[in-house]
Amino acid sequence: MTITIEQPQLDAVAERKAPAGGDPAELVLDGGFVVPDANAFGNTFRDYNAESERKKTVEEFYRVNHIRQTHEFVSRMRAEYGRLDRTEMGIWDCIELLNEFIDDSDPDLDMPQIEHLLQTAEAIRKDYPDQDWLHLTGLIHDLGKVLLHPSFGELPQWAVVGDTFPVGCAFDECNVHFKYFKENPDYHNPKFNTKFGVYSEGCGLDNVLMSWGHDDYMYLVAKENKTTLPSAGLFIIRYHSFYPLHKHGAYTHLMNEEDKENLKWLHVFNKYDLYSKSNVRIDVEKVKPYYMSLIDKYFPAKLRW
């Protein structure tokens, strides 16, 4: 099945502006999606230095994450979880498993994950009504966080969530809390601590090992279960936490031409992933039938996980 997707109108979507005649503290994205100027704690989004009740939790998370995410660790996790032999279940069953989890790496929200999934998907749906694959991508992009669940090994949060980054080459200084990488064994390994490391210029991100977590796991699940989402959807799933790339422009020397095209859609998606986080609740039962129809369109009824 081939899905044709139009290129996003990036200039319109990227602009954040006050709505005409509206509250200057609110910002809008393309299509009229109103964006709060502060997160659920009253701080700027992704401000890791802002004093809040979650600051210490978030920094400790990144300290452990940056020390333990090595090339060897990622290779081992990919081999283990890439077998997809944990269980079989449908997409919505997986969504319901996330109800009890809160992401310790997120400075902007402390609500169960299902709330964030629906907020993201509904915001995208409003502005891009004809791109149903993007609506579904918004809904499922974080489903890999089931790695936190006991039936999936109950991995620690540092091995499931947080910003992602390549392993096998030098850690870029734009990574949040970069200082903790200095305690990572790969930081001192000449095989891994150069600009290209074990990779080559333009090799393509598909050939690059990313720090292990929910992004890469859900990418593997979707790909191996033969989803019919377009490549841009899979790209968003795997790299939506790759902030060093899509926010700071780091690691572009590893990208190929397909990556560059798909990055345009990731830039669109990221604004909804980040700025739709709020304490506004979504009526799950009201929107569920629509998303079930998309799940049926793009995925089998049961997936191997």
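How many aromatic pairs does the count come to? The count comes to 18, where rings of Phe, Tyr and Trp (its six-membered ring) pair if their centres lie within 6.5 Å. This is a predicted model, so local features need pLDDT of at least 70 and side-chain atom pairs count only at pLDDT 80 or more, while totals for chains, interfaces and linings use all residues. Residues are numbered from 1 along each chain as its sequence is written, and side-chain values use heavy atoms, with hydrogens and water left out.

**View 1. The whole chain, for orientation.** Eleven helices and four strands make up the count here; helices (H or I, at least four residues) and strands (E, at least two) are DSSP runs, numbered from the N terminus. Of the 305 residues, 55% are buried, meaning under 20% relative accessible area with a 1.4 Å probe and protein chains only. Take the contacts (heavy atoms within 4.5 Å) between residues at least 6 apart in sequence: 76% of them join residues at least 24 apart.

View 2. Buried residues in α2 include Val58, Val64 and Ile67. Phenylalanine 61 and tyrosine 62 pair up edge-to-face, at 4.8 Å centre to centre and 85 degrees between the planes; planes over 60 degrees apart count as edge-to-face, under 30 as stacked and the rest as tilted. Phenylalanine 61 counts as buried because its relative accessibility is 6%, and tyrosine 62 is buried too, at 0%.

View 3. Tyrosine 81 is buried at 3% relative accessible area, and tyrosine 217 is buried at 0%.

**View 4. One aromatic cluster.** Phe165, Phe171, Phe178, Phe181 and Tyr187 gather into one aromatic cluster.

**View 5. Arginines over tyrosine rings.** Arginine 125 lies over the face of tyrosine 290, 3.8 Å from the ring centre. Arginine 238 does likewise over tyrosine 219, at 5.3 Å from the ring centre. A charge sits over a ring if NZ of Lys or CZ of Arg is within 6 Å of the ring centre and within 35 degrees of the ring normal.

Key
Buried means under 20% relative accessible area, exposed over 50%, partly exposed in between (1.4 Å probe, protein chains only).
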